[in-house]
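Subject: Structure handover

Hi,

Here is the structure I promised to pass on to you. My notes on what turned up in it follow below.

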Amino acid sequence: MSDQPAAPARPESVRLRQSLDALPAYAPGKPATVREGLTAYKISSNENPYPPLPSVLDVVRDAAASMNRYPDMAVAGLTAALAERLDVPAERITTGPGSVGVLDQLVRATCDDGDEVVFAWRSFEAYPIITTLAGAVPVMVPLAPGARHDLDAMADAITARTRLVLVCTPNNPTGTTVGAAELEAFLDRVPTDVLVVIDEAYLEFVDADDAPDAMALHRARPNVAVLRTFSKAYGLAGLRVGYAVAHEPVARTLRKTALPFGVNSLAQVAAVASLEAADELEVRVKDLVAERERVVAALREQGWEIPDQQANFVWFDLGEDTPAFAEACEAEGLTVRPYLTDGVRATIAEPEANDRLVEVAGRFLAERPRT
């Protein structure tokens, strides 16, 4: 018999973070499902249906010739263009791979393990995922009636462990905005050492009279940052570029948490070119807003209770009927975005897709059991 101690049992798999076991993966919008005899439309991802502007395509083609080189890590050209457009010091601008990439930087810059991030729910699906990945605790405050932020309840949810508060306006996926006066009152209640991020991914589609001026709030309050993206109105979703505007102490820390070379060369030149073509892009945005208003009016005429929509999508508050409505759309070649048993978000897309959405919604409502 050997005197050697028995070798320790070898684990069957590598050790992974147990805290992630219950964390769902981010679910992107499903691609369009082909139906025989129908043009299929993907209206599940809030993409801009228009192709890139020719001027933007031209600079991207030129930049592609140097893709063997690393991009400018400082993103100097875009940073300077944004600083001039927004009338803020360049030191306050930080960029990343889409606004979701910058959001990840914000959480990592503010939160240690066990710190809290407060946000409305339902809101942007990435909020609880990014918070949990950073080791922080998501504090999810239910929406108020009308699918709007309950800012009073969010202020009540702030504790000594709160480091970050996210205000998504317009809110994804419900499309509602917070009012200027209520946001000011909310900010008055937030401790000055807690960072408040106003997430304006859909800002360009807003036409509400009482919409807040996030940049004015940023200038007046050192604990307010603004988060924006080129993915939606600017139509650069495939290139991934977003940015935050934050006061210098926060912005410096954000640059420390940034992924090196996170904004690629093509994205940088496309974003600058898009800023230079702002007038052309504004025409497209106005067309999408007009389509949104047309669709909302048609749905309300059918009997749907649609909240005030301020983004480039429509929210159906369906509850338990959410899966059935998504299936009805799928059968007609429309891929929408269902959210468990909360509701369905449908992007404003080509007029033909919007017309079909209205038709499907009308039939579904007519056949829906009345409660």
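The expected span of a helix is 1.5 Å times one less than its number of residues. Please keep in mind that this is a predicted model.

Helix α3 (residues 98-110) has 13 residues, and its first and last C-alpha atoms are 19 Å apart, close to the expected 18 Å. Among the buried residues of α3 are Gly98, Val102, Leu103, Leu106 and Val107.

Helix α9 (residues 265-276) passes the same kind of check: its twelve residues should span 16 Å, and the 17 Å between its end C-alpha atoms agrees with that. Most of α9 is covered, with nine of its twelve residues buried. These include Leu266, Ala270, Val272 and Leu275, along with the polar Gln268 and Ser274. The cover over the buried residues of α9 includes α1, α2 and α10 (278-302).

**Backbone details to look at**

There are two cis peptide bonds I would like to point you to. One runs from Trp121 to Arg122, with omega near 20°; Arg122 sits in the loop between β3 (116-121) and α4 (126-133). Another joins Thr169 and Pro170, with omega about 0°.

What surrounds Thr169, leaving aside its neighbours within four places in sequence? Thr169 is in contact with Thr176, Thr177, Val178, Ile198, Asp199 and Glu200. A polar atom of the Thr169 side chain lies 3.1 Å from the backbone nitrogen of Val178. Thr169 belongs to the loop between β5 (162-168) and α6 (180-189), and it is buried, at 4% relative accessible area. Pro170 is found in the loop between β5 and α6 as well.

Asn46, though not a glycine, has a positive phi of about 55°; its place is the loop between β1 (41-42) and α1, and its relative accessibility of 1% makes it buried. Asp87 has a positive phi too, near 60°. Asp87 lies in the loop between α2 and β2 (93-96) and is exposed, at 61% relative accessibility.

**Salt bridges**

How many salt bridges does a search of the whole structure find? The search gives 21. Here are some of them:

- Arg61 and Asp58 meet at 3.2 Å, N to O. The two are about one helical turn from each other because they are three residues apart in helix α1. Arg61 is exposed at 54%, while Asp58 is partly exposed at 41%.
- Arg221 and Asp188 meet at 2.7 Å, N to O. Arg221 is in the loop between α7 (214-220) and β7 (224-229) and Asp188 is in helix α6, so the pair ties together parts 33 residues apart in sequence. Arg221 is buried at 16%, whereas Asp188 is exposed at 55%.
- Arg292 and Glu293 meet at 2.9 Å, N to O. Arg292 is buried, with a relative accessible area of 0%, and Glu293 is partly exposed at 37%. Elsewhere, salt bridges with shared partners join Asp115, Arg161 and Arg163 into one network.

**A surface patch**

Finally, Tyr70, Met73 and Phe261 form a nonpolar patch on the surface, with about 380 Å² of accessible area together. Met73 lies in the loop between α1 (54-64) and α2 (76-86).

Best wishes

Note on methods. Residues numbered from 1 in each chain as written. Predicted model: local features only at pLDDT ≥ 70, side-chain atom pairs only at ≥ 80, totals over all residues. Heavy atoms only, no water. Patch = residues over 30% accessible without salt bridge, like charges linked within 9 Å, V, L, I, M, F, W, Y side chains within 5 Å. Areas by Shrake-Rupley, 256 points an atom, 1.4 Å probe, with all protein chains shown as cover. Salt bridge = Lys/Arg side-chain N within 4 Å of Asp/Glu carboxyl O. Helix = DSSP H or I, 4+ residues; strand = E, 2+ residues; numbered from the N terminus. Buried < 20%, exposed > 50% of the residue type's maximum accessible area, 1.4 Å probe, protein only. Contact = heavy atoms within 4.5 Å. Polar contact = N/O pair within 3.5 Å; in protein donor to acceptor, adjacent residues only side chain to side chain.
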